[in-house]
Amino acid sequence: MRPTLTRLSKSLLPSLREAPKDAQLPSHALSLRAGLIRQVGAGLYELLPMGRMVLRRIEAIVREELDAEGAQEILMPGVLPAEYLRESGRWESFGDALCRFKDRKGADLALAPTHEEIVTDIARRELRSYRQLPAMLYQVQTKFRDEPRPRGGLLRGREFIMKDAYSFDVDEAAALQSYERMRKAYTRIFTRLGLDFRIVEADSGAMGGSRSAEFQILAKSGEDKLVTCGACAYAANAEVATSGPVERSAASVSEPVPALRRVATPGVTDMPSAIAALGDGHALDNALKTLVVEHQGEPVAVVVRGDHELNLMKLSGVLGATVTLASREKVQAFVGAPAGSIGPVNFPGRVVVDREAAALAQASCGANETEVHLVNVVFGRDYVGETVDIRMVEAGDPCPRCGAELSEHRGIEGGHIFVLGTHYSKKMSAHFTGERGEELPFVMGCYGIGMTRLIAAIIEQHHDTAGIRWPASVAPFDVVLVPISKRADADEIVAMLSDALRQEGLSVLIDDRNERPGVKFKDAELFGIPLRVTLGDRGLEAGKAEVTARHSGEAASVALADAAAYLKRMHLDLMRGID
RNA sequence: CGGGGUGUAGCACAGCCUGGUAGUGCGCAAGCUUUGGGAGCUUGAAGUCGGGGGUUCGAAUCCCUCCACCCCGACCA
């Protein structure tokens, strides 16, 4: 492919001196300012030429790595007939995020939010024998999900471009091999994109996958909370993270623990004021925080240590169904006491206790009577319950694998890989003939990358106060030429140099606008093109060009005759730094 | 869906409280000067003041209502 040459004066590469006030995140503001995108509506964006170029380069890397694993690219429709989604049950279960509509004949259709059903249909029609497996199909397609709250420009759109791949295997073991291959391919992809990322354990979602991992791009603006271990490979989304055994609370413990005692706590409506009312020796980390949740219409007392936070996702996993916190009114109705005076002792219903709350030798809690609390509470003696792991892990907790201290990060979910098992193939009767002639369901996996989101994520990690700093692997151009000389031969020099650069395989943007040097420099920095060549009278008099690296800001004066080769070497260095 | 906020020229904003000819900066067009870090002067074009309704002699401004967008939360295969 011939490297591109673009003249800024003839291009739709509009830069903005000020960002629209709606853009809060660096990536959002910069992608607007640098003319990558424009907003059409909530969560709907246009990609202008510069944005499209970056997406193209990301796509090229993704395709290269997937093709290398034998994946085959296809393209499925963006509109789905309802019947497919009805087969899997998702016509109903997808909820409001699914944009449904009717065609002229009154048939139900939906904008595709993802494509498991359609690709499963391809498999059941076209793949008949184990000899055709494993198979890996992928596409780069627009998805639409009517998100409750789009945000951050390309970070969370309602319409977005996703690379979704699907694997079909003969059994679980083979599916795991496909999964591992994709995990490695994704690792190469994210590395080549110049991203600082973590592969984390994640919630497999309602699809009941046997294994899944998220590729989380570290960024302050990330929507997900991650927990990682600095000493070993453990990393998990906070939704599912666990921690290792913790030292017993530091608070003093009497031996033996005296009998349970009731204490009136007039005016107390929450944990901190209860602790204050109980006085010395009582603290949040030796109190039992008891929350009431509704589970299948029944109240359940959920106990965590006072200084811990309940992880609703983990609790839902333990109870086996989605749970919601009961309102204050419902708590009063269920228990006969206000939310501030609830405890596990004699609780009228099921009790689940976080293992660290159960481990407290001597605790305090609500008495299930208005403004009365209990002290000297001991698990097993004064109350019982199922001991489970349901608390939110925090920075500083011990790693569940090696015991080292865990730290917290925020991340942008750039990719997610799953082993789906036979969930879709069974529901949709997608079978193949096995080695012994038996009929078997495909064991599937699915693998997504948020392509448009990656543009934002890359900018989140690669920018400074002046603008974007594209990794060389995805930059919209390799080199920007900034002619600011009035010499008669200036145009000729620019033409010769840009030809030489393209001979070296570098794409070139020429800022031939009739602008003052300052404007061109500022835009070159805003656009984030890795290498800038300034052609001014100063250098040209001596037959030299000035080369500036966007990443380091370092400048060098280079003879015009050597400039192309010099820039090629610099570019190779930049690419090496990433690969 | 709950809470908060914003809608005035392409962008950023003032004007609204206290009703009386719609403004500023950047950008855009033209001219002259300028030319190594977002130039100066002159002239010009550009706005149904988010939509609808109401009050009033008169509404960007007051009232009602709808809509859009942003932020926090809930939600997120």
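A polar contact is a pair of N or O atoms within 3.5 Å. The model is predicted.

Stay with the RNA. Another base atom, a nitrogen of RNA strand B, is 2.7 Å from an N or O atom in the side chain of Glu546. The backbone takes part too. A polar backbone atom of Lys21 sits 2.7 Å from a phosphate oxygen of RNA strand B. Which of the elements gives the most? Helix 14 does, with seven residues.

Now take the whole surface around the RNA. RNA strand B is surrounded by 39 residues. The closest are Arg17, Arg145, Met162, Glu525 and Arg538. Of the atoms of RNA strand B that come within 4 Å of the protein, sugar and phosphate account for 48%. Sorted by class, this surface has 18 charged, 13 nonpolar and eight polar residues.

Next, the aromatic rings. A pair of such rings is described by the distance of the centres and the angle of the planes. The structure holds eight aromatic pairs. Phe197 and Phe215 make one of them, with ring centres 6.0 Å apart and planes at 25 degrees. That pair counts as stacked because its angle is under 30 degrees. Where do the two residues lie? Phe197 belongs to strand 10 (residues 197-201) and Phe215 to strand 11 (residues 211-218). The pair therefore ties together parts that are 18 residues apart in sequence. Both Phe197 and Phe215 are buried. They also share one aromatic cluster with Tyr186 and Phe190.

A ring can also face a charge. The charged end of Arg100 sits over the ring of Trp91, at 5.3 Å from the ring centre.

The backbone has some points to check. Most residues other than glycine have a negative phi, and most peptide bonds are trans. The bond from Leu133 to Pro134 is cis, with omega near 0 degrees. Pro134 is in the loop between helix 5 (116-126) and strand 8 (135-144).

Glu371 has a positive phi, near 55 degrees, and is not a glycine. Its place is the loop between strand 19 (363-369) and strand 20 (372-377). With 30% relative accessibility, Glu371 counts as partly exposed. Asn376 is not a glycine either, and its phi is positive at about 60 degrees. Asn376 is found in strand 20. Is Asn376 buried or exposed? At 10% relative accessibility, Asn376 counts as buried.

Last come the cysteines. A disulfide is a covalent bond between the sulfur atoms of two cysteines. How many disulfides does a search of the whole structure find? The search finds zero. Cys229 shows the reasoning. The nearest cysteine sulfur to Cys229 is that of Cys402, 3.5 Å away. A disulfide needs the two sulfur atoms within 2.5 Å, so Cys229 is in no disulfide. Cys229 counts as buried at 8% relative accessibility. Cys365 is buried as well, at 3% relative accessibility.

Terms used. Residues are numbered from 1 along each chain as its sequence is written. Chains are lettered from A and ligands numbered from 1 in the order in which they are written. This is a predicted model: local features need pLDDT of at least 70, side-chain atom pairs count only at pLDDT 80 or more; totals for chains, interfaces and linings use all residues. Side-chain values use heavy atoms; hydrogens and water are left out. Rings of Phe, Tyr and Trp (its six-membered ring) pair if their centres lie within 6.5 Å; planes under 30 degrees apart count as stacked, over 60 as edge-to-face and the rest as tilted. Helices (H or I, at least four residues) and strands (E, at least two) are DSSP runs, numbered from the N terminus. Buried means under 20% relative accessible area, exposed over 50%, partly exposed in between (1.4 Å probe, protein chains only). A charge sits over a ring if NZ of Lys or CZ of Arg is within 6 Å of the ring centre and within 35 degrees of the ring normal. A residue is near a molecule or strand if one of its heavy atoms lies within 4 Å of it. A polar contact is a pair of N or O atoms within 3.5 Å; within protein, one must be able to donate a hydrogen and the other to accept it, and residues adjacent in sequence count only if both atoms are side-chain atoms. Ala, Val, Leu, Ile, Met, Phe, Trp, Tyr, Cys and Pro count as nonpolar, Asp, Glu, Lys and Arg as charged, and the others, Gly among them, as polar.
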